[in-house]
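Welcome to this guided tour. Open your viewer, keep the selection tool at hand, and follow along from stop to stop.

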Amino acid sequence: MQTDEITLVGFAPEHLDSAVALSSQAGWPHRREDWAMMLALSTGIVALEGERVVGTTLVTRYGDAAATINMVIVDAAMRGRGIGRKLMDFALQQSEGRECRLMATREGLPLYEKLGFRATGQIVQHQGMPGEALAGKDVEWATADDVAALVELDHSACGMDRSGLIRLLFEQARLAVLRQGGKPVGFAALRTFGRGKVAGPVVAETTDDARSLLSFLFEASPGAFLRVDTSESSGLSPWLAAQGLASVGGGVAMRRGGSTAARPAPRVQTFALASQALG
């Protein structure tokens, strides 16, 4: 389909280099490898002007109930031509009636609100080189035997079936697990991303448990530049800043569709998400 001279085509591996250029223009740190990881879990399209990629979006389906919309970018020189709306229309079609979640920048917020998305919270991005942190006890690197339990913990925390993501993170990153009585009760992921590493998601029952998991990751990454995204309500931001990870902005968590009934409090909580790195 077309709008003026813009053609929308399926996002394929040959578009990755151009996608990296677009995210770089937007000030995002994603490497080719970061884009490739997202594409492995998602479907998407690119907007082309001739042969040039001028827009992107990815849709990651998590089971039959939810999906996330990621990496909605339009070339700065092409804004105001309705490309963002076309990309979002595609993304919503691909979501096939699922509850949709995304992380909104200030620039994208008006469009998402017009499309029926509603804010659910503020996300704060922290980054820097953490100082010495005392790793929490009962935290260790996860093994293959832990993966099924971590998938269940993640589902309890976020309400989405992210089994494919958790398994991919186990293969391509490192997962730390917090045990109580020999049983996994929380976990955190650490992987190479952008100019350093990203820690997230972090799933735990309490803020103290989340700190223990993050401290373990910090101790395992001496001298590394780290990024952690956390909800404003998590209570982690002051602690992260004290560890040397300054607050550098963030975004608005938004949802569209899904049940309007009151949601029960989760048994475990997702304290931190790598929002742009796989929201």
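**Stop 1: helix 1 and helix 2**

Select helix 1, residues 16-25, together with helix 2, residues 32-41, in this predicted model. How do the two helices lie relative to each other? Their axes come within 9 Å and cross at roughly 115 degrees. Angles from 65 to 115 degrees count as roughly perpendicular, and helix 1 and helix 2 are therefore described as roughly perpendicular to each other. The crossing is right-handed.

Now show the side chains where the two helices meet. On the helix 1 side, pick L16, D17, A19, V20 and S23; on the helix 2 side, pick R32, W35, A36 and L39. Colour these residues by class and you will find 6 nonpolar, 1 polar and 2 charged.

**Stop 2: S23**

Stay in helix 1 and zoom in on S23. Is S23 buried or exposed? The relative accessible area of S23 is 0%, so this residue is buried. Which residues surround it, if you skip the neighbours within four places in sequence? Select W28, H30, W35, M71 and I73: S23 is in contact with each of these.

**Stop 3: M71**

M71 belongs to strand 5, which covers residues 66-74. With a relative accessibility of 5%, M71 counts as buried. Look at its backbone too: phi is near 55 degrees, which is a positive value in a residue other than glycine.

**Stop 4**

Select residues 83-95 to bring up helix 3. Then highlight the buried residues of helix 3: I83, G84, L87, M88, F90, A91, L92 and S95. As you look along the helix, remember that an α-helix has 3.6 residues a turn, so residues three or four places apart point the same way.

Step just past the end of helix 3 to reach E96. E96 sits in the loop between helix 3 and strand 6, residues 99-104. E96 has a relative accessible area of 56%, so it is exposed.

**Stop 5: helix 5 and helix 6**

Here is another pair of helices. Two packed helices are described by the angle between their axes and the distance between the axes. Select helix 5, residues 147-158, and helix 6, residues 163-172. The axes of helix 5 and helix 6 come within 9 Å and cross at roughly 135 degrees, and the two helices are therefore oblique to each other. Helix 5 passes helix 6 in a right-handed crossing.

Show V147, L150, V151 and D154 of helix 5, which meet S163, I166, R167 and F170 of helix 6. By class, this contact has 5 nonpolar, 1 polar and 2 charged residues.

Next, keep helix 6 and highlight S163, L165, I166, L168 and L169, its buried residues. What covers them? The cover includes helix 2, strand 4, helix 5, strand 9, strand 10 and strand 11.

**Stop 6: P201**

From that cover, go to strand 11, residues 196-204, and find P201 within it. Look at the bond between G200 and P201: it is a cis peptide bond, with omega at about 5 degrees.

**Stop 7: helix 7**

Select residues 207-219 for helix 7. This helix has 13 residues and reaches 18 Å from its first C-alpha to its last, close to the 18 Å expected. Its buried residues are D209, A210, S212, L213, L214, S215, F216, L217 and F218.

**Stop 8: V248**

Move to strand 13, residues 245-256, and click on V248. V248 is partly exposed, with a relative accessible area of 42%. Leaving aside neighbours within four places in sequence, it is in contact with Q125 and Q127.

**Last stop: the whole chain**

Buried residues make up 53% of the 279 residues.

Notes
Residues are numbered from 1 along each chain as its sequence is written. This is a predicted model: local features need pLDDT of at least 70, side-chain atom pairs count only at pLDDT 80 or more; totals for chains, interfaces and linings use all residues. Side-chain values use heavy atoms; hydrogens and water are left out. Helices (H or I, at least four residues) and strands (E, at least two) are DSSP runs, numbered from the N terminus. Buried means under 20% relative accessible area, exposed over 50%, partly exposed in between (1.4 Å probe, protein chains only). Contact means heavy atoms within 4.5 Å. The expected span of a helix is 1.5 Å times one less than its number of residues. Axes are lines fitted to C-alpha atoms, for helices over the stretch in contact, and angles run from 0 to 180 degrees between N-to-C directions. Angles under 35 degrees count as roughly parallel, over 145 as roughly antiparallel, 65 to 115 as roughly perpendicular and the rest as oblique. A crossing is left-handed if the near helix is turned anticlockwise from the far one by less than a right angle, and right-handed if clockwise. Ala, Val, Leu, Ile, Met, Phe, Trp, Tyr, Cys and Pro count as nonpolar, Asp, Glu, Lys and Arg as charged, and the others, Gly among them, as polar.
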